[in-house]
Structure formats: C-alpha cells, structure tokens
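Please read the following report alongside the sequence and the three-dimensional view.

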Amino acid sequence: MIKIIPYRKGYSKTVSEVYHLAVRAIDETHYSAAQKLAWSQAPRSGYHWHKRLTRSQAWLAVDTACMEGEDPRCVGFINVETQYASRGYIDSLYVHPEYQGQGIARQLLQQLESWAASQGMDELRVDASSLSRPLFVAEGFALRHKRYQEKAGQVFMAYYLAKSLA
C-alpha cells in the first residue's frame, strides 16, 4: 500500500537512488542515452538530497507493504520551493521505475497542491519534462512557454507550466 508522508532525513540516500533509477529508466523515445547520462551519471550523496529537500517542502511515497529495515520503502518523492522568490516552484517529482504507472506521481502532486493551497500560495509552477508534461496538464497546469535547459553539454526541452490556486 502506498502512503504519502513528509520527507524524513533517513530517506535521503533512498531518494537519491529513486532519482537516479527513474532518470536512467526513461525510454529513449523521450531522452537519448547521452541526455540521461548528463541528467544523472550516478546517484548523488544523501547529504546533497537532504540539503535540497530540507530547503523546501517535500513528501515521499512509501510502500508500506515493502520494508527496508525499520522503514517502508521509498518509491517516489516531490518537493516545492517555499522561499519568497521561488515560492510555489515544483523542483522535483520522481517515481521508482518499478512503481511507475500506478498513479503515485499524481498522488504526490495532489498532496503538494493541497498543502500549497492551505499555505495561501496563489500559484504552482514547474519546468516539466516531455515525460511529466502530460501529468501536469491533466492536473490543470497550463503551458506558459517552452524553454531549453542545458545539463553537462546536453540540451533539454522544458515546458514551463503554471496552475492558479486562487
């Protein structure tokens, strides 16, 4: 059973693994092998992800039927920026390849949206990949514009989407 919980430090290494595995599992009809390598060459440190997620509001999707030590297995995560200049910007949304297609990304996004509305945020924004764009559009986000991003010499098309919460 999948449960959405607030981010906890003990999951930082697992978050890094989910991110890396999710990127590397993307079908090459969306992103080439070179693009995926530029996006994630190897899992980043747990320290990196802990710092990144504690500077924002983050949630985890955990599988309570699958334990890793004393904790349920982390199978996905999402986070949104809370600082003034970037408040409401969705920084990350990733689901472990073994759990994709089960609505987990949608559950994470709905949790984030509910929280953001309760915090009085007027709008959510995201630079969606070609893979995640359909989910955001289905959840009411609208295209503001396309833009290109560069990572390690590879160029990626991003879709800057926004959704009003007012």
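**The largest pocket**

The structure is a predicted model, and its largest pocket has a volume of about 940 Å³. A total of 41 residues line the largest pocket, and those that lie nearest its centre are Trp39, Leu93, Tyr94, Ser129 and Ser132. Strand E4 gives the most to the lining of the largest pocket, with seven residues. By residue class, the lining of the largest pocket divides into 24 nonpolar, 11 polar and six charged residues.

**Two packed helices**

Two packed helices are described by the angle between their axes and the distance between the axes. Helices H1 and H3 pack at an angle of about 95°, and their axes are 7 Å apart. Because angles of 65 to 115 degrees count as roughly perpendicular, H1 is roughly perpendicular to H3. On the H1 side the contact involves Ser12, Lys13, Val15, Ser16 and Tyr19, which meet Gly46, Trp49, His50 and Leu53 in H3. The residues of this contact of H1 with H3 divide into four nonpolar, four polar and one charged.

**Two loop residues**

Where do alanine 152 and tyrosine 31 lie? Alanine 152 lies in the loop between E6 and E7, while tyrosine 31 lies in the loop between H1 and helix H2 (33–39). The table sets out the accessibility of each.

| Residue | Relative accessible area | Class |
|---|---|---|
| Alanine 152 | 58% | exposed |
| Tyrosine 31 | 4% | buried |

Most residues other than glycine have a negative phi. Alanine 152, although it is not a glycine, has a positive phi of about 50°. With a relative accessible area of 58%, alanine 152 counts as exposed, because exposed means over 50%.

Tyrosine 31 is buried, with a relative accessible area of 4%, because buried means under 20%. Leaving aside its neighbours within four places in sequence, tyrosine 31 is in contact with Ile26, Lys36, Trp39, Ser129, Ser130, Leu131, Phe156 and Met157. Two of these partners, Trp39 and Ser129, are also named among the residues that lie nearest the centre of the largest pocket. The C-alpha atoms of tyrosine 31 and phenylalanine 156 are separated by 8.4 Å, although the two residues are 125 residues apart along the chain.

Conventions. Residues numbered from 1 in each chain as written. Predicted model: local features only at pLDDT ≥ 70, side-chain atom pairs only at ≥ 80, totals over all residues. Heavy atoms only, no water. 1 Å grid on protein atoms, 1.4 Å probe; cavity = no way out; pocket = protein on both sides within 12 Å on 5 of 7 lines; lining within 4 Å. Points joined across faces, edges and corners; volume = space filled by probe spheres on them. Helix = DSSP H or I, 4+ residues; strand = E, 2+ residues; numbered from the N terminus. Nonpolar A, V, L, I, M, F, W, Y, C, P; charged D, E, K, R; others polar. Axes fitted to C-alpha atoms, helices over the stretch in contact; angles between N-to-C directions. Parallel < 35°, antiparallel > 145°, perpendicular 65-115°, else oblique. Contact = heavy atoms within 4.5 Å. Buried < 20%, exposed > 50% of the residue type's maximum accessible area, 1.4 Å probe, protein only.
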